[in-house]
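Q: Please take a close look at one part of the structure shown below. Then set that part in the context of the rest, in one connected account.

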Amino acid sequence: MRRISHWKALTAATMTGALVLTACGGAGGAKPAADKPVDSLKFYNDKGGWKDAFTQVGAASKKDIAVGMEPVGYSDSNTYTAFIRSSFRTKEKADLFSWHTGKELEDLVDQKLVAETTEQWTKAVADGNVPEQLKQYFTFDGKQYCVPLNAGYWVMYYNKSVFKKAGITENPKTWQDLIAVADKVKAAGVKPFYQTSILFSFVWFETLLAGKDPDLYDALAAGKAKWTDPGVVEVMNDWKKLIDAGYFSDPGAKTEPQAQLKNGDVAMVNFGTWFSGSLNTLKLKAGTDYDFFVIPNVNPALPKTSMIFETGPLCSAAASEHSSTVKKWTDWWVTPQAQTAWANSRGDLSFNPKAEVKDTGLAALNKDVSGDGYRLINRWFEATPVPVANKALEVFGAFVTKPGDPMPGLKKIQAEADAYWAKQK
Amino acid sequence: MRRVGGSSRTGARAAPLFGLPAAGVVALLLYLPFLWTTYVSFTQYDGLASPVWAGLANYQAMFSDPDLIGALLNTLLWVVGMVTLPVVLGLLVAVLTYGHRWGSWLRLPFLLPYAISGVAVGVIWGFVLQPDGALGQALGFLGLPGAHTGWLQSGPGNTLMMIVAVTWQAAGVNALLFVVGLQSIPNEPLEAARLDGADGFRLFRHQLWPQLRPITTVVVGLSIVGSLKTFDVVWVMTQGGPGTSSETLALSMYKETFVLNDYGQGAAIALFLSLVTFAASILYLRYQLGDAREQA
């Protein structure tokens, strides 16, 4: 019996060792494969709810360039990110995948995992299909990577019947007007603004800081200002005053913002233009049931209106074996034809100014923002490095739930920022 | 035991060969990920570049980070909560309904929530406990205080409320296990005790409780292990917040790995959590079984 146990143990140990070695040998990057054109591409994305719109776009591309696109949507962003990151350590490379600009894209570029798109960018900008000012979010060391997937501006959505009930006839043009509108809504028994303690807890911090001191906003994102600076503390205190005055909805509510707006539980929701798509899904009509206005600056002395802007990249793995098909498809994607199909399938904006957006409100906004009166501000979520953003989200979540002295929370974020920026030098 | 005959000796020699596929599957799916996680816990690894050896840095960071210490305390609160509330409630339900004519029907409502997944429990209780949720509305309707309490909005109250939510789900299955334990108790000593005048609490204290010990060991053991890895309900109800006020170690592990892409830190928490679970189980079982042996 004793001999057999030893034998068993030896077998198990050998097998485990062999497996470990196999696993260690298996990890690592794959070599670029020979190009194999295909007639359909899989598009991995973390926008599971946009499946119908993507499917319509896939059908349009099949018709236009004989290359289809099949969306593979994830609804949980963390699961999706982990999936894409780990896919780079296997032989299966994603032909098309959605990602985030900022540090998340930089990580992939640093490891040479995404395909360069400099030539495509040069052409798209020259053709007027992609605005020049978008380029910076896709540029690393002078080269471009990925193409834009979407673009959105952050505006104030409002429930038209609540505004009517509160006797509001004109959209606010100044911050003072906005507060006056909020007061009227409050008097009508409706919470003026939507707020949440999870993920989108940053929205009001972003709006207040960008509308008060956009230079400080940019400096903070770049690690050139401190979270404990007087300007930031002031914004936190302004935020606290608004919360204390009862302007916000309950941050712990589980009901989705679109449902809260539809039900008239809140009058206004400060969100990106993709929110139109979410409202349309609830059978609300733009211009009839809901509308939006540009959020005025907190500081009226600023020369331009701060407009929070976000864009997401559509990328391809560097070692994709379908690279020629990917290029053909992404070349098509930036054209006005493709972008018209895309914008109208979701009721959203497009990054391409030549796309014919059916939603008149969104089309007017797109035109307006490309004019001189606006300063585009990169959305806080993309502008802030991941560990700093995560710590700040925790602090904001606690702050909106129980607003108090902001300093202890800001110190926590600054400690995280110090650690992060020290590693970058 | 000595084996007689050549065929059985051959069989004994061949036996490990038959076990190989199973051993291979276990090695591939359990040992290998465990070894890999152990290795990663000593590295800086973002899931993209190759892991870089970092020694004990992740473990040092773990014990100096106040948020992780908070998560550790919340996890301990879960352990204490889960070995008391659902176990005591399960025991009460089992003892009070056992032998009753309608016993199984009376236990049924307690057992039904066990059929629901942890995530669904989180969603349901999230709606019950949200401000102006079902609980707040009920309190308001009855004119009782606390209608506008933010049950999930500050720690450690939010963790306690989530323990209540899980108790709602787990008490029934504990009751079922205790009933199985009660059924295995021989009738004669109970009859004898009853003849001697033991009844009610005295009968429970001196006859039932000591004989329920093996099943109590199982129930409490399962509760300890289950509570140490608490994740789903917390993730659904508060995502560990507001701030990190309701974060447990399992949540910290997830956040470090999949939100912050700090796989090394996540692996260190995973390994620490596994060791704590393993050590708690061994210590508890050894203590319980040791006591049982002494009594025997």
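A: In chain B, the centres of domain 1 and domain 2, taken over C-alpha atoms, are separated by 38 Å; domain bounds here come from an automatic or database domain assignment. The model is a predicted one, in which local features need pLDDT of at least 70 and side-chain atom pairs count only at pLDDT 80 or more, while totals for chains, interfaces and linings use all residues. Residues are numbered from 1 along each chain as its sequence is written, and chains are lettered from A and ligands numbered from 1 in the order in which they are written.

For chain B, the assignment gives residues 1-32 to domain 1 and residues 41-295 to domain 2. The chain has 13 helices and 2 strands, where helices (H or I, at least four residues) and strands (E, at least two) are DSSP runs numbered from the N terminus. Chain B is more spread out than a compact globule, because its radius of gyration is 24 Å, well over the 19 Å that the globule rule gives for 296 residues; the radius is taken over C-alpha atoms, and the rule is 2.2 Å times the number of residues to the power 0.38. Along the principal axes, the C-alpha atoms of chain B fill a box of roughly 80 × 75 × 30 Å.

Of the 296 residues in chain B, 34% are buried; a residue is buried if 20 or more other C-beta atoms lie within 10 Å of its own, exposed if 12 or fewer, and partly exposed in between, with C-beta atoms placed from the backbone. Among the contacts in chain B with a separation of 6 or more, 68% join residues 24 or more positions apart, a contact being two residues whose C-beta atoms, placed from the backbone, lie within 7 Å.

Some backbone details of chain B deserve attention. Most residues other than glycine have a negative phi, and most peptide bonds are trans. B:N261, a residue other than glycine, has a positive phi near 55° and is found in the loop between α12 and α13 (263-295) of chain B. B:N261 counts as buried because 22 other C-beta atoms lie within 10 Å.

Chain B also touches chain A. The contact takes 34 residues from chain A and 33 residues from chain B. On the side of chain A that touches chain B, the elements giving two or more residues are α1 (2-26), α3 (77-87) and α17 of chain A, and α1(A) gives the most, with 10 residues. By class, that side of chain A has 16 nonpolar, 11 polar and 7 charged residues; Ala, Val, Leu, Ile, Met, Phe, Trp, Tyr, Cys and Pro count as nonpolar, Asp, Glu, Lys and Arg as charged, and the others, Gly among them, as polar.

Helix α17(A) has 16 residues, numbered 386-401, and reaches 22 Å from its first C-alpha to its last, close to the 22 Å expected at 1.5 Å a residue; the expected span is 1.5 Å times one less than the number of residues. This helix is largely enclosed by the rest of the structure, because 13 of the 16 residues of α17(A) are buried.

The C-alpha trace of chain A spans about 85 × 60 × 45 Å along its principal axes, and buried residues make up 46% of its 425 residues. Chain A is divided into domain 1 (40-150 + 311-356) and domain 2 (153-308 + 379-424), with 28 Å between the centres of these domains, taken over C-alpha atoms. Their contact takes 10 residues from domain 1 of chain A and 9 residues from domain 2 of chain A.
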